[in-house]
Amino acid sequence: MISADLGKQLESYIQQLVDTGRYGSKSEVLREGVRLVQDRETRLVALDASIMRGIADADAGRTKPARDVFDRLDAKYRAMAEKAEKSA
């Protein structure tokens, strides 16, 4: 069993969530909070992995000049805008 001192403000907020019927118990509120933290941490691990892959690619010279990327994106979105205008 985990015991934690959440402080008056969080305790009050949790009690309010239970009192209004949003959650059935304080434990439900805390479980939901831990699930949200777990989800965020999972996403942060994935983001860190993506950043590390990007750094490894840059270190290995697998990059393109920004100007080339921006030109390609500009052309892509101009074409999409033109297509949207023609179908409107």
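Is Lys26 buried, exposed or partly exposed? With a relative accessible area of 39%, Lys26 counts as partly exposed, where buried means under 20% relative accessible area, exposed over 50%, and partly exposed in between (1.4 Å probe, protein chains only).

The model is predicted, so local features need pLDDT of at least 70 and side-chain atom pairs count only at pLDDT 80 or more, whereas totals for chains, interfaces and linings use all residues. Residues are numbered from 1 along each chain as its sequence is written, and side-chain values use heavy atoms, with hydrogens and water left out.

**View 1. The salt bridge between Glu11 and Lys26.** The side chains of Glu11 and Lys26 meet at 3.8 Å, N to O; a salt bridge is a side-chain nitrogen of Lys or Arg within 4 Å of a carboxyl oxygen of Asp or Glu. Because Glu11 lies in helix α1 and Lys26 in helix α2, the pair ties together parts that are 15 residues apart in sequence. Helices (H or I, at least four residues) are DSSP runs, numbered from the N terminus. Glu11 is partly exposed, at 32% relative accessibility. The structure holds seven salt bridges.

**View 2. Salt bridges of Arg35 with Glu32 and of Arg40 with Glu41.** Arg35 and Glu32 are both in helix α2, three residues apart, about one turn of the helix. Their side chains meet at 3.4 Å, N to O. Arg35 has 46% relative accessibility and counts as partly exposed; Glu32, at 26%, is partly exposed as well. For Arg40 and Glu41, the closest N and O atoms are 3.5 Å apart. Arg40 is partly exposed at 48% relative accessibility, and Glu41 is partly exposed at 38%.

**View 3. The largest pocket, with about 440 Å³ of space.** Of its 14 lining residues, Ile2, Ser3, Ala4, Ser27 and Leu30 are the closest to the centre. On a 1 Å grid over the protein atoms alone, a pocket is an open set of points where a 1.4 Å probe fits, with protein on both sides within 12 Å along at least five of seven lines; lining residues have an atom within 4 Å of a point. Grid points are joined across faces, edges and corners, and the volume is the space filled by probe spheres set on the points. Helices α1 (7-19) and α2 (26-59) each supply at least two lining residues, and α2 gives the largest share, seven residues. The lining divides into eight nonpolar, three polar and three charged residues. Here Ala, Val, Leu, Ile, Met, Phe, Trp, Tyr, Cys and Pro count as nonpolar, Asp, Glu, Lys and Arg as charged, and the others, Gly among them, as polar.

**View 4. The second largest pocket, with about 180 Å³ of space.** Residues that line this pocket include Leu6, Tyr13, Tyr23, Leu30, Glu32 and Leu36. The elements that give two or more residues to the lining are α1 and α2, and the largest share, five residues, comes from α2. Nine lining residues are nonpolar, one is polar and one is charged.

**View 5. A nonpolar patch on the surface.** Leu44, Leu47, Ile51, Met52 and Ile55 form the patch, with about 450 Å² of accessible area together. Patches are made of residues with over 30% relative accessible area and no salt bridge; nonpolar side chains (Val, Leu, Ile, Met, Phe, Trp, Tyr) are joined within 5 Å. Accessible areas come from the Shrake-Rupley method with a 1.4 Å probe, and for residues only the protein chains shown count as cover. Met52 lies in helix α2 and counts as exposed, at 53% relative accessibility.

How values were computed:
Patch = residues over 30% accessible without salt bridge, like charges linked within 9 Å, V, L, I, M, F, W, Y side chains within 5 Å.
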